Structures are given as structure tokens and as C-alpha cells.
Amino acid sequence: MRFMLLFSRQGKLRLQKWYTATAERDKKKMVRELMQVVLARKPKMCSFLEWRDLKIVYKRYASLYFCCAVEEQDNELITLEVIHRFVELLDKYFGSVCELDIIFNFEKAYFILDEFLMGGEIQDTSKKSVLKAIEQADLLQEVRKLPHNMLCF
Amino acid sequence: MALKIVKGSIDRMFDKNLQDLVRGIRNHKEDEAKYISTCIDEIKQELKQDNIAVKANAVCKLTYLQMLGYDVSWAAFNIVEVMSSSKFTYKRIGYLAASQCFHESTDVIMLTTNQIRKDLSSPNQYDTGVALTGLSCFVTPDLARDLANDIMTLMSHTKPYIRKKAVLIMYKVFLKYPESLRPAFPRLKEKLEDPDPGVQSAAVNVICELARRNPKNYLSLAPLFFKLMTSSTNNWVLIKIIKLFGALTPLEPRLCHSTSQMSFLFFLSPWLSPSSLSTSNSTSAMSLLYECVNTVILCVQKLRILIEDSDQNLKYLGLLAMSKILKTHPKSVQSHKDLILQCLDDKDESIRLRALDLLYGMVSKKNLMEIVKKLMLHVDKAEGTTYRDELLTKIIDICSQSNYQYITNFEWYISILVELTRLEGTRHGHLIASQMLDVAIRVKAIREFAVAQMATLLDNAHLLTGNTQRNGICEVLYAAAWICGEFSEHLENPMQTLEAMLRPKVATLPGHIQAVYVQNAAKLFATVLRSQEGNTDRTAAQETSQLMIDRLPLFVQSANLEVQERASCILQLVKYIQKLQQKDVEVAEEVNALFAGELNPVAPKAQKKVPVPEGLDLDAWINEPPSESESEDEKPRTMFTREETKHSRPRHTEVDEKELAKRREVRKQEQASNPFYIKSSPSSQKVYQEAPGVDHIPVVQIDLSVPLKVPGLPMSDQYVKLEEERRQKDRADKKKKEKKKRKEKGGRRGKRDSGPESEEDITPAHMVDIVTEEIPLADSEKLPVRSHRSSEALKTMAEEVEVVAPQEAKKKGGKEKKEKKKDKEKDRKVSNGLVNSPSVCYSLRLSHIHQTISDAPTCSLASPPPFRQVCDIQGNLQDGSQVVVSLIFENKCDSFLKAMEFNVLDSLNSRLQRPDGAGPHDGLTVPFQLPPGVSNEARFVFTVKSIVMPQKLKGTLAFIVKNEDSSTHEKLDFKLHFTCTSYLITTPCYSDAFAKLLESGDLKASSVKLEGVVMPFPHLLARICFHHHFSVVERIDSCASMYSRSIQGHHVCLLVKTVSITVSIDAKCDEPSLLSNVLDEIKLTFSQC
């Protein structure tokens, strides 16, 4: 996978993850172009696009578009499945996730994505083990955070 | 201190956290940019504080802003600070920020190496995990090189959580630092059988991705993967494995069977019935199914299921896979035409486009008209010009594919083209135009019809051009005007067409079209004159001339030069004609003679049609093939550049006569030995003259069974109907005949079923003029490629030579030497074209030339003629104990040299590598012979044990000198000098790594002083870099640090200082004797200058 984007119906970027080094300017250009193309498509259309030399696989969940760019030889359906799995993970973690969850806890969303995918490849296919890893890392964070918070108050 | 912390925390209460920032941005929708710039100012303040919590919070906010598209690269160093925090909370944020913001050119990445290494070995698995995740996003070749070992260790970590991450990141490391693959691979392979399924799937992932790049190396893993495939229940893994097998099958046919077997098993087994899916949902099963389809391309029936599915995604993929199958099994796909045509009605453009792609491969003579009719309907319905244009090009592609193979009735095709011109706003006017021209020229029988159609088009030109100038469809008029002019004898009413072409409105058309109008108006004029001069009434002819004289001045004023030129030329001509007409002279014949004869298109391969004269064997060599013939694609280029430079560069005019004569001679020889060079001798021209002219080429004349005159603009549908009728008639005729036959011959089985799928019984109504056809060559017709050359190797070499060339140019001054260099390049190219030559593999890998001792006394030979030898000694990067010596042999005498044998007296330290089975004192045969004046290169590999000392090897070269009358054995002695420098490889080094190296204390020091060096400091450095393969690490004023590495991995560091004419070099190296030798050699270099 080359990159993954999350953006809203209004064309606001919510999350971006690039698995190959890309210059900042190119990133912006690609994101803008891609958002235009994807947002122009009607709901009944299929989830695949050929764009530049990449295959774009996207899916809309509520007001959010999840959009992945994969290479020519990659399997479109499995990419769709990856998107779905990611959404399931977010859902489990936040408890029926909504766009606001991702906006306000965007770093958490990144952590989940990083636990699920690494370098563009699926890291673990088991939902359980991904969530477990996230929870334990969070726990670690909370424990260490606590004294600090107490100091604040 | 405590107070400070407390103060920091109190400050923090007033800081914005991420949530506040997000909320703030949402509340400042109108002046977002302004709000964010104040936020960035705040963040900058926060970053200045010592409190790490405040910093982390600031970095977290920055990461969010980065996503919104703001530049945060200025905070890179702060991100590193947060990354190195000991607290997981902050570390996590730091790594997240780094993974989002850093890329290969971020310079602070270099600072992170040690921090990452520390985190990788942290006892806390989440520290390690976070570091691995971050690293996967911003790993650079340097990081990959430095951390490869640490990550490799982590692959055997006790925690599966770390193992799987380490395995995955290894893929990224391999990409950035390919050398790490070899040592890591055994461990990676081990992970395929890891007890943890996560680690296992990660390993499968990585190996599959690697195998996709180079499947050959992974064939040996096939049995292991087969085991995994049969035992695994994880669909994600299965897909990867099937993909891997898909890549492997072309290499190993035996796999094909098992893969297809497996894939069919998947088809039949639970995966098709969603009820038995326990672990995964049905989409995943479908994706597996799709993968199988990709691998086993015989499952069209299954694809039908996908295409008929209501899910748009599956439909799309079904079509996509179908088009893949179409390439190999067109027949099996053709039976699903109905389904594909249905898809054309789909709402989704992506699906429609896929279906169009498929249609291209599905047409036959039988169904072409039907399919195109359907497409034409779509053209009318289509919304949006892009899709309509796509349809238009597809229609033309479909019809014109393989030389109109499927068109049986060209009138129908012309009508389709004419109908297409009615499309508004299409960009493809030129496409339609070129088709019209092509068909009208190549299908003689259609001309009359085409001309009639084109005349109508010209008459109604206003409909086409409309108001907009940019309308691409007016290109069609270009074709229309040309066809009407060129084939004007078929025009029913040429006068009317002539008038149409001279309307004032024409002046609004693009220039190139006007030009064609003017030119063809002249042709029409000629035709009209002829018809009118037959009449008794002369006034009609004079009126026509007057019409021309009245209308042409409009074009003479055109801004387009082409139009202007043609118009003024023709205007004068007509004026002259008019003068003659007034004297009652008959001019029609003469005017017609201007345009007499037919314009025939000539196909690029037309020369093949010219018969080869008797007694000329094109395959026979004219001369004895020289051992080093040139590469043919290189040839013309060098010839042109040589000619060009002669004009443009005054330097070349200085070349003296002798040199020129020599070059001329060389060139002649080259041309003579190049079979692709057409000689300018008169004999070759004769061949062409004697060859039969175009008239002798047989042209098939076709009887038409279809009435040609259809009044007005035809509707293509008529032809569909006609065609059907005709076929029915044919069929009826045939049946009649068959009945007759059957009656005559009783019970004989003559049932040739004229079913709908047999193509033979569709007789075309028109045929394409075969003469001008560009028939793609069949395999048997292809030009024989000389098999001893690998064109690929040549290409690679050509690239390499280009890289090397500037280096060499620097080395050798003087024109003569340059000339020699050219020869040398050529030689190298040829010698490397030989596939079996063992040196090829080395030379392809090496890009450095490590020593060139051109004309150096050490290796030029003892006796002056007949030989000169030049040698390069190159270290082999791949193997620390190998040195490749490239020798260029140049024959300077007038005799032929052959049976050369190269031998070197081995020392304890260095040995010439000889083929297996050869004795230790046997010589190596040089794989070529040398005609007089020719040079060629041979490579020899030496194995060297110790590289710390320079050494000289004695050798002999035995050969036979062959004169016209006698041949003698000769022997030459020579010495090969292996300097220590030749074992060094230019290796770049960063200053921090360099500093670390010096601090490590493993290196021994030594120094040398050079007196009387009069050259600028940069030149001095360049000289050391060039001759001794060093690279400059850092340079400050007249002081520089330099680095190089030996083929066995010794580090050599130099500190070069210069004070007026004294240069002092302080050097450090882990091998003192190597160092002192290198220094001696440096000293020698400078003493020679």
C-alpha cells in the first residue's frame, strides 16, 4: 500500500498515512486531486479507480471517506477488507466511532492504524491482538501520566 | 529546580491541549489561517520551555497542523527531543510526529540513530514497538544500514508482538539497504514457521513482496509455501501465497498444476458458500476467489458470477479479470458478449469503460456491425464529453483493429464515420479524418461512395464548424477536401463542390485545413475545366476561371504562410490559364497533367515487396566478419554526431590531413562491415530502377454485391440490414447448393453447418488494398537476430560506458588519446556483449575503475611492437578477495595476431583465477584475435589474499603472428602492478560517522609531508580523490578530511593540510602497512607532477 487517507464529505483531510517517502508538495497535490475525484463519484458506483499509475480503493463510512492507494498487482478486495478492518478497530476502540472521535483523538487513530498496518503491510490480521496491544500501550501511558496530572491540580 | 517544575505545570494549565486546538479551529472557520498562525506562535513559545510535557503537547498539536497542510519542518529538532523522552507517553507522540513529518531529506534523522537503537533494545516491548513503527515510516538507507543488525536480532525476540513488527520492517530495510537481505534471509525463512500466526503472516507478507520483485530466488521456498497453503485457514495469508505462486508458476511449470489444483479446491470448497465461513466474512472470501481467478485464468464461467453480482465492486473486478483472460483466451470470453453489452448500460463509468475495453477484443466479422450499432446508441445517449470521446475512440479502434480485419462493408464504415462527425465538441476530429483518408486511399472500390459523402460534408460544412473555432471536428473537413480533390473524377457535380470549397466562410478554418482547401480547389478546377472544354460553349470554362480569380485573393491575404503560398501560386496559374482561354487555346489537358497520376501511400515495410535480385544473398557476409563488430544501434548516432561536430566545433577543423585520412579509412571499414549501412555505390541504385514499379504490384479488384449509390447522408443502420439480407441470401444459396449436392451424391455426409460462429462464410463486401498494408510480422518473418549478442547486456553496458566516460576523459588529455578512448569504449561494449564471458558479471556490477595505467611503464610491454597493452585493475565490491584486471590489447603491427595465451606467474599472495580443471601454470586463452590496427579488451580475475602490500606479477603473453606467407610464434613478457590504491573503493562517509571512527581508537596513525606541491587546494583534493579513490568528508579552508575503504573493509582516514607549498597528510587506518603503502603511492603521484 502506498498511502491511506481519511477525509470528510466536505473535503477536509482527517488522517493521512504515507508508506513511501513523498515530498510535502506532491503529497498536497495528490491529496487534493484524489479528493476531487473520489468526492465526485456517486454512491452507487464501485469502489475502485485507476488513478495515475495506482489503484485507488475507497469506501465511505457515514461522512468519512477511507481511501487507499495500492499498486497495480495488489488485490482490490483485500484492500477494501483492510479498510473495513480498520473501521472495525476504530469502532471497537472508541465504541461506535464517529468523525469527531477521529478529529479529537487523531493521535489515537494513528496509533491504531500503526498497530494494524506497518510499512503498508498488514501487521496482524487478528482484531483482538491489535486492540490488546493498543490497550496495554494506553495503560502504560495512563499510569505514567497520572502523577503528572495530579501535580497539575 | 522543584519550583521550576511546578511553575511549568502551572503554565501548562493555561496551555491549549490538542482538543482545545481542534475546537478552536472549528470555532474560527472564517479566519482559520489567522487563528492557526497565532497557535503556531504559541507552540513556538511552548517548545522553548524545558518541561518535556509542554513540549510533547506542542509537538502533538504540530502533528495535527501538519495534517492540515501546514509546514512544520522547522520543529524537526523538537520532535527528536520528544522522541528521546524516557516516558512512553511522550515518546509515543514524538515517534508519531516523526513518522508523519520526517522524510529522507530531513537532516535531523541522522541524530536519531542512537536514540532509535536505544529504544529498540528497551526492556519495554511498547518502547520497541513504537520505535519500529516510527522507523518503518522514515527509514533511510543510512538508518537501514546502521540498524539492520539490531532489527535482525529483534526478529528472534521472545515477544511475538516485537517479532512480527521486526519481520515487517525488514522489508523496508531490504528496500533501502539491499545488502542486508542475504544475512537476514535464513532468519526470515525461519519465521514462516513461527508458532505465532501474526509473525507467520508477516513473514509471508514480506517474502511475497520480495518474490514479486525477483521470483527466481524464491523457487526453493515453494514446498514450504505449499505446506502453508494447505494448512493455513487465514484468508489474508492465503491470498498472499496464491499471489506468490502466481509469480512463481511461469518459472516452474510443475507448480502450475498444483496451484491450479489448489485454486480449484478453493472454488469448490467452503469458500463459495458463505454459510461455512466462520472466521471471515464473505467479502474476504470473494477476494480470495478473485485471487484464484487471477492465477488460474480458465474460470470465465466463475467470472460471470462476479459480473452478474449486484455488488458493483465485484462486477468491476469481474470485468477486469475478464480482460486479462481475453488476452490469452479470446474465444472463451466471446461467448459472454451479451453480459458485457449489458454492462455498457451501467450507471458507473468505471464499469462502462472496463466493458468497452473488453469489447475491443470480442468483435468478429459477424458481430462488428451489431456491436458498433449498440455503441453508436450509447454515443447519442452519453453525457459528458470525456466518456463520449472514449466511446468514439473505442468505436474507431474496434473497427480499424488489425487492418480493418473485421469490416466486411466499407460503405457502412464510412457512414459510421460521417455519423460520428455530428458529435458536438469532440476532440477527436483528427482521428475521424485520418480514418476517412486511410479508407478512401486504401479501399479503391469505396472511393466513389466516399467522394459523394465527402462532397455532402463540404457542402454542409457550416453544420460542422458551428460557431466555436476550437471545435475539433472541423479536422474532418481536411479529409473531406482532400478526398474530394484527389478523387474528383468520381464527383457527380464537381462545380458545386468547387464553389463550396471557395466560400468566404472557409477563411475561418484553421490554417492547415485552408491550405488543403486551396490545393484541392486547384485539383477540382482541373477536373471542371476538362468537363467544360468538351462543350461547345466556351464561356462556362471561362466563368470557372473567373470564379477562381475572384475567390482566391481572400486566401492570398491569409495570415497562414502555407495558405498564402499555395493561394498565390495557384492564382497566378489560373490567371495564365484565363489568358490562354481568351485566345481559345485548349488547356484542360495541360492543367490536368499537373495532378496526373495517383498518390499511393507507401507502407514503412514496403521495401520488403521489392524482389531481391538474383545472385544477391543478403545474409552472406561481404567481408570476413571482424571479431569486434559494432553494435548496430550505436552506429548511426556516432556518424551523425561526428558530422555535426565538424561544423559546430572549430576544434575539429584543426585535425591534420593525416588524421582525417585515417579516420575516413576507419569509417569506410566500419561501414563495410555494417550490414545495415546502405552503400552509395551505383549498383545498389540500379537495383531499385530495375525493380518492377508500383503498377506491377497486384491489386485485388473486388466485385461489389452491394449497390453503391445511397442518396444523401447514409444511415449506417441500412447497412446492417443489408448485410443481414446478404448473409441470409448467401446462406440460402449455400443451402440450395448443398441440397443439390446431397441430391447428387446421395447419403454422403456433407453437412457443413453454417452456424453463426463460423467466420469463413462471411464474404467481405470490400477489401482493404493489401499493398499498402502494414502487416505485423509473423514470428517466422522476423529479422533474424544474431544470437551471439545479448541486446540487454549491450544496453546495460551502454549505460555504464556513459557513466565511465567523463572519468576517463579527465584522465587522458590529448586528442589522440581520446580517440583511443573511444575505441576502448567500443571494445568494452563488444566484449561484454558476449554472454558467456565471465568478466561480464563483474564489470556490470562495478562502476568504479580503480586504476588506469595507460602507457605507464609498469605494464607496457618490453618489446615495442607489435603490441601495446593498457590495463585497469579494479577491486571487486562483491568479494573482498577478488580483483578484476581489464586489459586492452592493441595490435600495432601489420600482421594478424591470433591464438593469444595470457599467463601470469602466481605469487603466494595473488593468483590468476583459472577455469576448473586447469593446472596452476596453464595460461588463459584470450577469447579473440586481432587484425592489424585493432584493439580489444579482455578481463582476468585475480584472487588476492592480503591487500596490505603492493605487488608486481610477472606474466607472459604468447601469440602467433600471421603474415600472408608465414606465421611465427612470439612471446611478450610484462609486469602487472597491483598498487594498494587499487584495493581502495571510493566510499562516501558522513562527518559524524567519520568522527566516531576516529574516536574509536582502533586506528593507527601515520603521516607524510609533501614539499613543493604547486597547485590549488581543490585540485590537490581532486587529485587524491581521483587517483586514490578517496572521498572528501569535510573541508574547511585549506584543511580537509578524507575517507576511503578497502575491498576488505579497512577504513582509511586522511587529514590533509596545506601551508603554501607544503602539504601535510595525517592518516589513520586500522592496517598500518596498508596505510604506509597508500601514503607512498600518494607521494609518488605528487612527485610525478
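B:R117 is partly exposed, with 29% relative accessible area (partly exposed lies between buried, under 20%, and exposed, over 50%, with a 1.4 Å probe and protein chains only). The model is predicted: local features need pLDDT of at least 70 and side-chain atom pairs count only at pLDDT 80 or more, whereas totals for chains, interfaces and linings use all residues. Residues are numbered from 1 along each chain as its sequence is written, chains are lettered from A and ligands numbered from 1 in the order in which they are written, and side-chain values use heavy atoms, with hydrogens and water left out.

The side chain of B:R117 meets that of B:D150 in a salt bridge (3.4 Å, N to O), defined as a side-chain nitrogen of Lys or Arg within 4 Å of a carboxyl oxygen of Asp or Glu. B:D150 belongs to helix α9 (residues 141-154) of chain B and B:R117 to helix α7 (residues 109-120), so the pair ties together parts 33 residues apart in sequence. Helices (H or I, at least four residues) and strands (E, at least two) are DSSP runs, numbered from the N terminus. B:D150 is also partly exposed, at 22% relative accessibility.

Chain B contains 43 helices and 15 strands, and 49% of its 1089 residues count as buried.

At the interface, 58 residues of chain A are in contact with 69 residues of chain B, contact meaning heavy atoms within 4.5 Å. The two chains bury about 6100 Å² between them, 56% of it on carbon and sulfur atoms; buried area is the accessible area (1.4 Å probe) that two parts lose on being put together, summed over both. A:L77, A:F104 and A:M118 supply 12% of the area that chain A buries against chain B, more than any other three residues.

Across this interface the rule finds 5 salt bridges, out of 33 in the structure over all chains. In one of them, A:E115 is paired with B:K165 at 3.3 Å, N to O. A:E50 and B:R354 likewise meet in a salt bridge, at 2.5 Å, N to O. This pair crosses from strand β3 of chain A to helix α21 (residues 349-362) of chain B. A:E50 is partly exposed at 44% relative accessibility, whereas B:R354 is buried at 11%.

Within chain B, B:K394 forms a salt bridge with B:E390, the closest N and O atoms being 3.8 Å apart. Both residues lie in helix α23 (residues 385-404), 4 residues apart, about one turn of the helix. Salt bridges that share partners join A:E50, B:R354, B:D357, B:E390 and B:K394 into one network.
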